[in-house]
Amino acid sequence: MSSYKLPIIIFAVLVLLLGIGLNIDPRKVPSPFIDKPAPAFSLPKFEQPDQMISNADFKGKPWMLNVFASWCVTCLQEHPQITQLAQHITLVGLNKEDKTHEARRWLYQHGNPYHTIVVDADGKASIDWGVYAVPETFIIDKKGVVRYKRIGAVTPEDMADTILPLIEKLKAEQG
Amino acid sequence: MRKIVLAGLMMLLVLPAYAGIEVHTFSSPEKEERYKDLINELRCLVCQNQNLSASDAPLAKQLREQAFTMVEKDASDDEIIDFMVTRYGDFVLYKPPLKPSTYALWIGPFILLFGGMIVLHRIIRRNRAVKATINEADYAKARKLLENEDNKA
């Protein structure tokens, strides 16, 4: 009987390891930015390209950066959530590597939820923010520190369970 | 047959030809060498089982461009790797650094090897023990039985 024990134990351990392996999402690249100062950017405003917007413009209040593009299909999935979030926090859109007229049409067609849109035409600022997929969403606190990052579409669950409570918390924090 | 085997073996010798798609003009051959080493070591974030040099993803292209610019500006390898790691985390490295969250990764294989050796050792010892339990009386009995068989034949 005891000769069966060892293989069964080994089998159980393997099953356990496999189970853990299957539940780890390989696309989840942990962001090295959480609890670090947000990367600096200085980008032209979408509607007034001669005007530059930088992190400093948002200091003193929590804000949200949402990377989007007209070519991004998943962005439409999170569009209702993002639109709703705009009522709770200063929402900055970062239009990544897009054509101006296509971005404009997209915003017209689906609605523009953003308070401010900045244009990252060559994708350099996105690299500084460690963006590797669109959409990506960051929440930055009053001191300019990144507190949250979501890769991919923000779901209604993310919003209710994580994002809205975090926004309330950040609003209450001392600046 | 021999030719087929030979052809098969030669195929094994063919290394995957990885090369960045863009043509860069380097100011020195050393820089080109460093650039090539770097993009082979860095991982593409979008297609995760490829390195930067093999990937055709737009992001990989941009990061190659970044590596090229930094190499040309005489940034050290560490500076370039640091640039990538501060933005994308350890994830961009095919060689993860040794730190608490990667201990299992580095030490795990050795633990498995050691465990395997212990199991092997125990199996061998057990088999030896089985042999030793055949005593003289049993041998004699067996011999007797065999002799009887011979007599019958």
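# Close-up views of a two-chain model

**View 1. Polar contacts and a salt bridge join chain A and chain B**. Between chain A and chain B there are 4 residue pairs in polar contact, both residues being at pLDDT 80 or more; a polar contact is a pair of N or O atoms within 3.5 Å, where within protein one must be able to donate a hydrogen and the other to accept it, and residues adjacent in sequence count only if both atoms are side-chain atoms. This is a predicted model, in which local features need pLDDT of at least 70 and side-chain atom pairs count only at pLDDT 80 or more, while totals for chains, interfaces and linings use all residues. Residues are numbered from 1 along each chain as its sequence is written, chains are lettered from A and ligands numbered from 1 in the order in which they are written, and side-chain values use heavy atoms, with hydrogens and water left out. The rule finds 1 salt bridge across this interface, and the side chains that meet in it are those of D128(A) and R87(B), at 2.9 Å from N to O (a salt bridge is a side-chain nitrogen of Lys or Arg within 4 Å of a carboxyl oxygen of Asp or Glu).

**View 2. Helix α2 of chain B packs with helix α3 of chain B**. Helices (H or I, at least four residues) and strands (E, at least two) are DSSP runs, numbered from the N terminus. Among the residues that make the contact (heavy atoms within 4.5 Å) are Y35(B) and L38(B) of α2(B), together with F68(B) and V71(B) of α3(B).

**View 3. Helix α2 of chain B also packs with helix α4 of chain B**. Here α2(B) and helix α4 (residues 77-88) of chain B lie with their axes 11 Å apart, at an angle of about 30 degrees. R34(B), L38(B) and E41(B) of α2(B) make this contact with D77(B), I80(B) and I81(B) of α4(B).

View 4. D35(A), although not a glycine, has a positive phi of about 65 degrees.

Methods:
Axes fitted to C-alpha atoms, helices over the stretch in contact; angles between N-to-C directions.
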